[in-house]
Amino acid sequence: PANMECVINQDIAIRLAENGYFYIMHRFDINQLEFIRKMNNLNLISSISIGVNDDSYNLIDDIVKFGYSVDYITIDIAHGHSIKMEEMIRYIKYNLPNTFVIAGNISNPDAIEDLEKWENEFYCNECGCDKVTGFYYDRTVANGEVWICKNCKTEDLVSEKPNEDNY
């Protein structure tokens, strides 16, 4: 589900994680540090969304300070091909090197190349600018390939390309 407050909440995230599905918890009106602690205590996948401003840097610092584990961090900003995105990716990779980073939104091949240089693992392209980029809505770019995942489980994202059952 989308990382929007009207789509996902803690209960839904827990249910998805318990059943092996991937999710991204939104970042609005939620204590993300408490959410991460709860998911760690339940021994479930933790996946959060952040921005690129001071509050997100402070959250990363607190995660490290308290020794929490975050499996996935999505840096969700309107213009992902930016210096602020590069700085945030590098900050996460330095402070939380085992965290899988998803970055977006991007809309052109140059952005993909730069995000790869910045050590990003997964790219989110939601602009739907097919005449410009060749990409379409609801597609995700990983390692330069476009994937469509209808019912992705967590293991589909990290271990192999989606198969015919979920592609």
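The accessible surface of the protein chain in this predicted model comes to about 9200 Å², and carbon and sulfur atoms contribute 46% of that area. Of the 167 residues in the chain, 44% are buried. Among contacts with a separation of 6 or more, 50% join residues 24 or more positions apart.

The chain contains 7 helices and 6 strands, arranged along the sequence as α-α-β-α-β-α-β-α-β-α-β-β-α. Strands E1 and E2 pair in the parallel sense over 4 bridges, with Ile-48 opposite Ile-73 in E2. Between E1 and E2 the chain passes through H3, and this β-α-β crossover is right-handed. E2 also pairs with E3, again in the parallel sense, over 5 bridges; here Tyr-72 has Phe-100 in E3 as its bridge partner. Of the 5 residues of E2, 4 are buried.

The largest nonpolar core holds 32 residues, of which Tyr-23, Ile-48, Ile-50, Ile-63, Ile-73, Ile-75 and Ile-92 touch the most other members. Two or more residues of this core come from each of helices H1 (10-18), H2 (32-41), H3 (54-66) and H4 (83-95), and from each of strands E1 (47-50), E2 (72-76) and E3 (100-104). A second, separate core has 5 residues, including Phe-22, Tyr-72, Phe-100 and Ile-102. In soluble globular proteins, nonpolar side chains tend to be buried together.

Beyond its neighbours up to four places away in sequence, Tyr-23 touches Ile-8, Ala-13, Leu-16, Ala-17, Phe-35, Met-39, Ile-45, Ser-46 and Ser-47.

Notes
Residues numbered from 1 in each chain as written. Predicted model: local features only at pLDDT ≥ 70, side-chain atom pairs only at ≥ 80, totals over all residues. Heavy atoms only, no water. Buried < 20%, exposed > 50% of the residue type's maximum accessible area, 1.4 Å probe, protein only. Contact = heavy atoms within 4.5 Å. Areas by Shrake-Rupley, 256 points an atom, 1.4 Å probe, with all protein chains shown as cover. Core = buried A, V, L, I, M, F, W, Y, C linked by side-chain atoms within 4.5 Å. Pairing = 2+ DSSP bridges. Right-handed = clockwise from strand over helix to strand, strands pointing away.
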